[in-house]
Amino acid sequence: MAAEVFDVEARWPELFAQLDGTQRSAVLQSLAASWHEGWVPNREDVENLTDRARGAIDAAEYRRRSHTAARRGAGVAAV
């Protein structure tokens, strides 16, 4: 069941502290779209997206982290 309140920025303000207004808006819009589809925010996913938005990681590292998290969530061993 999805959370009733979309509060990712309030839950993890430190992840948004280094984003500028445009980056913050893009991250929040992306997360909100997923939330409206039933996704429940978790710190790891939010951190990965904010890291990507502020340029701390590149697209390849973002994909690697996302795939690792997805495999872990599905109970699949790392390849």
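1. A salt bridge here is a side-chain nitrogen of Lys or Arg within 4 Å of a carboxyl oxygen of Asp or Glu. By this rule the count comes to 9 salt bridges.

2. The model is predicted: local features need pLDDT of at least 70, side-chain atom pairs count only at pLDDT 80 or more, and totals for chains, interfaces and linings use all residues. Residues are numbered from 1 along each chain as its sequence is written, and side-chain values use heavy atoms, with hydrogens and water left out.

3. Arg24 and Glu9 form a salt bridge, 2.8 Å from N to O. This pair links distant parts of the chain: Arg24 sits in helix H3 (residues 21–36), Glu9 in helix H1 (residues 8–11), 15 residues apart. Helices are DSSP runs of H or I with at least four residues, numbered from the N terminus. Arg24 has a relative accessible area of 34% and is partly exposed. Glu9, at 26%, is also partly exposed. (Buried means under 20% relative accessible area, exposed over 50%, partly exposed in between; 1.4 Å probe, protein chains only.)

4. Arg65 meets Asp51 in a salt bridge at 2.9 Å, N to O. The two residues tie together distant parts of the chain, with Arg65 in helix H5 (residues 59–74) and Asp51 in helix H4 (residues 43–53), 14 residues apart. Asp51 is buried, at 8% relative accessibility.

5. Within helix H5, Glu61 and Arg64 lie 3 residues apart, about one turn of the helix. Salt bridges that share partners join Asp51, Arg54, Glu61, Arg64 and Arg65 into one network. The closest N and O atoms of Glu61 and Arg64 are 2.7 Å apart. Glu61 is partly exposed at 23% relative accessibility; Arg64 is partly exposed at 44%.
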